[in-house]
Amino acid sequence: MDESKITGPQSGSSSMPLELLRARPPKERADAARNREKVLAAAAALFADKGVEAVSMDAIAAAAGVGKGTLFRRFGDKSGLAVALLDDRERDLQQRILSGPPPLGPGAPARERLTAFVAAYLRYLFDHLDLVRMSETASPGARYRIGAYRFWHRHVAILLAESRPGADADVLAHALLAAVGAEAAGVLKADYGQDRAVRGITDLALAVASPD
């Protein structure tokens, strides 16, 4: 199934081809791009050294050699920085979903692709848990306003529609993605360990994708 060409029955992002929901690199002037890279490099180094919560925007501006006003205008707050830092990782996973080898990419049965996506997404999530948590919890509903979430939802809904014809794939996709939110998955990892969390969420995905 070529998801980049598929549209759904409803309006909004659920009816858009998956390719159109893929994150794109920002278009900007050369000097703005250089400043952006300096800020992201400084933020990544400080977050890795001190932890996300312990680093202030003032410290990031100082380490990057840019004014605080520039930093706040460009990224807004630390959650904006988190989104920007995650951008390249999200684009890589999205590209592998669209054109990589199966089972993550096209060419495998829908249930196999769904479990491959869950495994790949959880690897990405647990590798960057603090950043993803910050990006998703900056304000009520922040997770659902992130462009990448619309891509993940569309992909999961397409696979569920294929594996469970007649089911409400859009609603089921939101329900399944709730289990891979940073808060929920982080609690499972803390309480049961990462391997057990991955197995449990994968079992949930298989159950949701099983025909009635």
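## Helices and buried residues of a predicted chain

R143 is buried, with a relative accessible area of 8%, where buried means under 20%, exposed over 50% and partly exposed in between, taken with a 1.4 Å probe on protein chains only. The structure is a predicted model, in which local features need a pLDDT of at least 70 and side-chain atom pairs count only at pLDDT 80 or more, whereas totals for chains, interfaces and linings use all residues. Residues are numbered from 1 along each chain as its sequence is written, and side-chain values use heavy atoms, with hydrogens and water left out.

**The chain as a whole**

The chain holds 11 helices and 0 strands, these elements being DSSP runs numbered from the N terminus (helices are H or I with at least four residues, strands are E with at least two). Read from the N terminus, the order of elements is therefore α-α-α-α-α-α-α-α-α-α-α. Of the 212 residues of the chain, 45% count as buried.

**R143 and its surroundings**

R143 has its place in helix α7, which covers residues 142-145. A polar atom of the R143 side chain lies 2.8 Å from the backbone oxygen of L177. That distance falls under the heading of a polar contact (a pair of N or O atoms within 3.5 Å; within protein, one must be able to donate a hydrogen and the other to accept it, and residues adjacent in sequence count only if both atoms are side-chain atoms). When residues up to four places away in sequence are not counted, R143 touches E136, Y149, L177, A178, V180 and G181.

| Residue | Helix | Relative accessible area |
|---|---|---|
| R143 | α7 (residues 142-145) | 8% |
| T115 | α5 (residues 110-127) | 18% |
| T202 | α11 | 17% |
| A185 | α10 (residues 182-192) | 0% |

A185 counts as buried, and its contacts, leaving aside neighbours within four places in sequence, are with L122, L125, F126, A179, V180 and I201. The C-alpha atoms of A185 and L129 are 9.0 Å apart in space, although the two residues are separated by 56 residues in sequence.

**The packing of α5 and α11**

Helix α5 and helix α11, the latter covering residues 194-209, pack at an angle of about 150°, with their axes 10 Å apart. Here the axes are lines fitted to C-alpha atoms, for helices over the stretch in contact, and the angles run from 0 to 180 degrees between N-to-C directions. The two helices, α5 and α11, are therefore roughly antiparallel to each other (over 145 degrees; under 35 is roughly parallel, 65 to 115 roughly perpendicular, and the rest oblique). On the side of α5 the contact is made by R111, L114, T115, V118, L122 and F126, and on the side of α11 by Q194, A197, V198, I201, T202, A205, L206 and A209. The residues of this contact of α5 with α11 divide into 10 nonpolar, 3 polar and 1 charged, where Ala, Val, Leu, Ile, Met, Phe, Trp, Tyr, Cys and Pro count as nonpolar, Asp, Glu, Lys and Arg as charged, and the others, Gly among them, as polar.

Two threonines take part in this packing. T115, leaving aside its neighbours within four places in sequence, is in contact with T202 and L206, and a polar atom of the T115 side chain lies 3.0 Å from the backbone oxygen of E112. T202, with neighbours left aside in the same way, is in contact with T115 and V118. The C-alpha atoms of T202 and L122 are separated by 9.7 Å, while the residues themselves are 80 residues apart along the chain.

**The packing of α2 and α3**

Helix α2, residues 57-64, and helix α3, residues 68-75, pack at an angle of about 110°, with their axes 9 Å apart. They are therefore roughly perpendicular to each other. In this pair M57, D58, I60 and A61 of α2 meet K68, L71 and F72 of α3, and the residues of the contact divide into 5 nonpolar, no polar and 2 charged.

**A cis peptide bond**

Most peptide bonds are trans. P102 and P103, however, are joined by a cis peptide bond, with omega about 10°, and P103 has its place in the loop between α4 (78-99) and α5.

Note on methods
Contact = heavy atoms within 4.5 Å.
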